[in-house]
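Have your viewer ready and try each task before reading on.

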Amino acid sequence: MKRCLVISDSFKGTLSSPAICRIARSLAVPGWQVDALPVADGGEGTVDCFLDACGGRRVTTVVSDPFGAEMEGFYGLLPDGTAVVECAAAAGLPLAEGRLDPERTTTYGVGQLMAAALDNGARRLILGLGGSCTNDGGCGAAAALGVRFFDRQGRSFVPTGITLAEIADIDLSRRHPALDDVPLTVMCDIDNPLYGTRGAAYIFAPQKGADAACVQRLDAGLRHFAAVLRQRLGVSVDELPGGGAAGGFGAGCAALLGGTLRSGIETVLDTVDFDRRAAGGYDLVVTGEGRLDSQSLGGKAVSGVAGRCRTLGVPAAALVGALALEPDDLAALGLCSARSINPAGVSFQDAKARAAAYYRDALAKLLEEMS
């Protein structure tokens, strides 16, 4: 009996990673045992993906929503003591639906989730930054973890996007003491800097409700925030790749909380102990994502999984929604096979409506060919 491990990213808007896992686990192909692990991208659903892959439990606690009202938040606690927090759980776009306002929304609730996990004895923190409605540089979360911000009159306050420009000083002396010992890994798959035309405000704030004038104000606030970090803490995040993630939360994690920004897929693979699993007797690993193109070469799911498999000597294949790579690029990834799940000539509407059936058929055909 041959063994296959499916570990695929979502096909955005079509098939979620957990849905792909359900399809794979229910598949019956003679001569094959099929296992599956979900891939999290740091956005909504990240906690559930890690719990599915590793076991553990969801922990609920009352925190602040993006506007400061009470809500029930959650994080995941894995068996090894790792706590997984997703920014979307307390500062996600759906929580601000109908009232998007990146000048006033806060990540304070995300910091409360992190603090609750630390108070609960977490030995490691993983923070996913996807899907935020905020642009506060992570200052809200830092404040919830004990970091203090002062204006020019020496008054303490919790900065939001519109008040970043009022920060005159930052005090880390009361930061949650566990952050000195508990590693913080920040899942971040973008390389946008904190500010500028490729920064948090210009690239991401419009989808959070910012008009052109608001974007300029938010960008000015992020520039000021970076200057204060340099002057008061001696930390430069101006050109940090990924610093612009989640409204500057990436930079805030690095400068204020001691976080390390890391590729999402590499974080997932390490946390689910992929190397040990894959080297433990699998004859094939099947990965995938919605579109396999030149951007996929820079550290997305397919390239991350394929690279690990190449090192381990385990054959890897990719099932994707759309295949847009030249043969030489596919060879560079080290895949033994790469194909679209969609039959030739199908419309986008048909591909979306029948995605589950097409994925099932494509995986079954791949395994039959590899028998």
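**Exercise 1.** Which residues does Phe274 touch, not counting residues up to four places away in sequence?

*Solution.* A note on the source comes before the steps. This is a predicted model, in which local features need pLDDT of at least 70 and side-chain atom pairs count only at pLDDT 80 or more, while totals for chains, interfaces and linings use all residues. Residues are numbered from 1 along each chain as its sequence is written, and side-chain values use heavy atoms, with hydrogens and water left out.

Step 1. Take contact as heavy atoms within 4.5 Å. With that sequence exclusion, Phe274 touches Leu5, Ile7, Leu269, Val285, Val305, Arg308, Cys309 and Leu312.

Step 2. Now place Phe274 in its core. A nonpolar core is a set of buried Ala, Val, Leu, Ile, Met, Phe, Trp, Tyr and Cys residues joined through side-chain atoms within 4.5 Å; buried means under 20% relative accessible area, exposed over 50%, partly exposed in between (1.4 Å probe, protein chains only). The largest nonpolar core has 97 residues, and Phe149 and Phe274 touch the most other members. Helix H7 (residues 212-233) gives the most to this core, with eight residues. (Helices, H or I with at least four residues, and strands, E with at least two, are DSSP runs numbered from the N terminus.)

Step 3. A second, separate core holds 27 residues, including Leu27, Tyr358, Ala362 and Leu363.

**Exercise 2.** Is Ser132 buried or exposed?

*Solution.* Step 1. Find Ser132 in the loop between E6 and helix H5 (139-144).

Step 1. Ser132 counts as buried because its relative accessibility is 4%.

Step 2. Turn to its partners. The side chains of Ser132 and Lys208 are joined by a polar contact of 3.0 Å (a pair of N or O atoms within 3.5 Å; within protein, one must be able to donate a hydrogen and the other to accept it, and residues adjacent in sequence count only if both atoms are side-chain atoms). Beyond four places in sequence, Ser132 touches residues including Cys87, Leu93 and Ala246.
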